[in-house]
Amino acid sequence: MRVSLPFLPTLLCCSAASLLLLLRWRRRKGLWRKVKEARQRHDRGLAQMEKAALGFRKQHPSVDTVSILSLPLPELSRKLRDGSLPPEQVFYAYVGKALQVTRETNCITDYLQESETQLQQAARPRQLGLLYGVPISIKDSINCQGYDSTIGFVSNINNPAAEDSVLVQVLKRQGAVPFVKTNVPQSLVSYDCENLIFGQTFNPLLYTRTPGGSSGGEGALIAAGGSILGFGTDLGGSLRLPAAFCGICALKPTGNRLSKKGVISGILGQKSVVAAVGPMAKDVESLALSMRALLCEDMFSLDSTVPPLPFKEEVYSSTQPLRIGYYETDFFTMPSPAMRRAVRETKQLLEDAGHTLVPFKLDNINYFIFNLCVRGLFADGGTSFFRKFEGELDKSSAGLLLRLSKIPDWLKTLLSWITKPFMPRLSSVVRSMRANTVEDLWSLHYEIEESCHKFIAQWKKLNLDVMLCPMLGPALPVGYPGKLSVAVSYTILYNCLDFPAGVVPVTTVTTKDEEELKGYKGHFQDWWDRILAKGFRGSVGLPVAVQCVALPWQEELCLRLMREVEKLTREKNRLL
């Protein structure tokens, strides 16, 4: 067949287009094959967990797993260290419970089968670590040798970590036994917990609700009793939000108090808003025990960028009255009635216990959120964030932030101008996501430093030890966090300032809270406020937490306030 010359370019274009479509189809087919392999590997891991738990139960039918699972971490640790409780019994009790929990909530991504070998090799060493024999869970984004840290991206499947993160190395040297990795949202830049590879994780307290994120798998597993101690990361509330939503405790330390070497970030190289690694558990004393174990010579020698500051026991254990600042709202995200009540009731408990409570007024939170946090996270216009999603099969979890990252700066400027009269917060988000020059970025870093100094000056003028403030809650329905990225204002502030912050559950939503919610309007009365009000509805019985904050490097003081809040809350509940 002969082709006339005029039709040749058309034929070549059609052939090139067909070839491109074929290559895209083949690539997508290859990606789906990777997803299938990852899911099969996940299923094999769960089958191995079941086999291990059933095998141990058959060989040791008299072991009381219920009593083991009911032990708080400090008591469990003591029994393991003094030899009154064999590590094998504890390990397989938690393997069986974790399997049950993940079948209900879909929170586990990997079973670390080497943990069984580690358990056998750890038979009563001469020097017992503080976490000897304790099974622990690890967030997907924290490297464990031989396992993927996907952060929900298909492109990261079949890319196992060459070595353990420093955090995991230190935990193992302290005798802990990492046994599972847990689910996260795609990219980590979300406080829901869903990705294409492993699916949606559900809140164990109410399956229609999200467990929070990005450490959502950890929150669900610990809250339901499948893990006694877990570790996650926090860039804008990713430890504190799942802890609050699931009714457990968490501590976000100062950014560099614990090593982040071997921890995968959602936005590589971003340093304006400071991420941190921290523990999650059902009670404050468990968090303190984990910090005692981690702040050791191994941590300081394996990562020389971590300041050699051991745990200050005298600060944590002090009983001296505290001078505590507090606020009920940040004037950006209006607290739900239950949130406001949680702060007021906790304030009263602390005052009745002899502490001094001092009102603290947040100045210009809009400036912090838009000019520092959003602008800092997306200082390159969102280019790095957007590139993470190139070639991915699913990009839905990042929502508005990803869509804004795609568009050019001139269009962001136009959109910001158009939306300013009727959606001022959206206008500010769009404006803040424009690309910065190097000079702009340096100026931003200076602004962050100056804002931090001003905040500390206000803190010291009031002679405060610590701060009590609201924590977003109750848990929102699945899918809502993607529509409500602005609602993290209570948590991301302390990533921007790089202050240690922790959460403690103090109450649950009541029918009276639900009734008062009918009058919820929000500070801006925009579509974000309306969606948030809808998300809060139908939450009677769900937990609500408060947030405790200290100045940089004062994790022990933060934990001290958390312990006091927890103690007073438990005493009040016993009297009811």
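A crossing is left-handed if the near helix is turned anticlockwise from the far one by less than a right angle, and right-handed if clockwise. Keep that in mind for one helix pair.

What you see is a predicted model; local features need pLDDT of at least 70, side-chain atom pairs count only at pLDDT 80 or more, and totals for chains, interfaces and linings use all residues. Residues are numbered from 1 along each chain as its sequence is written, and side-chain values use heavy atoms, with hydrogens and water left out.

Helices here are DSSP runs (H or I, at least four residues), numbered from the N terminus. Axes are lines fitted to C-alpha atoms over the stretch in contact, and angles run from 0 to 180 degrees between N-to-C directions.

Now the pair I promised. H13 (residues 365-377) and H17 (residues 424-432) have axes that come within 9 Å and cross at roughly 45 degrees. So H13 is oblique to H17 (under 35 degrees is roughly parallel, over 145 roughly antiparallel, 65 to 115 roughly perpendicular, the rest oblique). The crossing of H13 past H17 is right-handed. Contact means heavy atoms within 4.5 Å. On H13, Phe370, Asn371, Val374 and Arg375 take part; on H17, Arg425, Ser428, Val429, Arg431 and Ser432.

Next pair. H12 (residues 337-352) packs against H22 (residues 555-575) at about 95 degrees, axes 10 Å apart. H12 and H22 are therefore roughly perpendicular.

Last, H4 (residues 87-105). Its 19 residues reach 26 Å from first C-alpha to last, close to the 27 Å expected at 1.5 Å a residue (that is, 1.5 Å times one less than the number of residues). Just after H4, Asn106 has a positive phi of about 60 degrees.

Methods:
Helices (H or I, at least four residues) and strands (E, at least two) are DSSP runs, numbered from the N terminus.
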